[in-house]
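Please look through the sequence and the model shown here before reading on. The briefing that follows is grouped by topic.

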Amino acid sequence: MTSRRTILGALAALPFAAPALAAGGKFAISFTPAEWQRRLGKEAYAVLREEATERPFTSPLNSEKRAGTFVCRGCALPLFSSAHKFDSGTGWPSFWQPINKAALGTNVDRSYFMVRTEVHCSRCGGHQGHVFDDGPKPTGLRYCINGLALSFVPARAA
Ligand SMILES: [Zn+2]
């Protein structure tokens, strides 16, 4: 559903965005649906490329407590840090802020008779989840993320 996506401010700041745009994609990393499917597998493809939502309490990343970085399953861009993860009780990995402002883009999502803010990887456009304003301090935000959209990279032992 690329037609619903809006051009991202973060993307405009990327020096390598122009060639991707010229090639017909909005994101620096772009593949055909068939190639994404091959790379991601069925379940992750459904989440990242078709905005499906995984069933709650199914992701092993819910209970991931180690220090490290959560990267996009589509393109390995670092999106979230373990330092910002919290247990929301929702059954989805939850964070109160992204690892940096440029990591994520947002869209207004009007599906299912709700108005929500969809969040996706700024580099490949892969759907991550939604952000809500009922999170903990200091941001008050709750990034509700599909574990299938992420890979966890543990911090190296010092
Ligand atoms: Zn990505």
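**A buried alanine and its surroundings**

Ala-44 is buried, because 23 other C-beta atoms lie within 10 Å (a residue is buried if 20 or more other C-beta atoms lie within 10 Å of its own, exposed if 12 or fewer, and partly exposed in between, with C-beta atoms placed from the backbone). This is a predicted model, in which local features need pLDDT of at least 70 and side-chain atom pairs count only at pLDDT 80 or more, while totals for chains, interfaces and linings use all residues. Residues are numbered from 1 along each chain as its sequence is written.

**Overall make-up**

- The secondary structure of the protein comes to 4 helices and 9 strands, where helices (H or I, at least four residues) and strands (E, at least two) are DSSP runs numbered from the N terminus.
- Read from the N terminus, the elements follow the order α-α-α-α-β-β-β-β-β-β-β-β-β.
- The protein has 158 residues, of which 34% count as buried.
- Among contacts with a separation of 6 or more, 56% are between residues 24 or more positions apart; two residues are in contact if their C-beta atoms, placed from the backbone, lie within 7 Å.

**The largest nonpolar core**

- The largest nonpolar core has 28 residues, and those with the most contacts inside it are Ala-44, Leu-48, Leu-79, Cys-121, Tyr-143, Ile-145 and Ala-149; such a core is a set of buried Ala, Val, Leu, Ile, Met, Phe, Trp, Tyr and Cys residues joined through C-beta atoms within 7 Å.
- At least two residues of this core are supplied by each of α4 (42-50), β1 (68-72), β2 (78-81), β6 (116-121) and β8 (142-145), and the largest share, 4 residues, comes from α4.
- Ala-44 lies in helix α4 and, leaving aside neighbours within four places in sequence, is in contact with Arg-73, Leu-148 and Ala-149.
- Ala-149, not counting residues up to four places away in sequence, touches Ala-44, Val-47, Leu-48, Arg-73, Gly-126, His-127, Gln-128 and Gly-129.
- Although Ala-44 and His-127 are 83 residues apart along the chain, their C-alpha atoms are separated by 9.9 Å.

**A three-stranded sheet**

- An open sheet of 3 strands has the order β2-β1-β9, with antiparallel pairing; two strands pair if DSSP finds at least two bridges between them.
- β2 and β9 (150-154) stand at the edges, each with a single partner strand, so one side of each is left without a neighbour in the sheet.
- From one strand to the next the twist averages 30°, with axes being lines fitted to C-alpha atoms (for helices over the stretch in contact) and angles running from 0 to 180 degrees between N-to-C directions.
- The antiparallel strands β1 and β2 are joined by 3 bridges, and Val-71 stands opposite Pro-78 in β2.

**Backbone details in the loops**

- A cis peptide bond, with omega of about 5°, joins Lys-137 and Pro-138, and Pro-138 is found in the loop between β7 (127-132) and β8.
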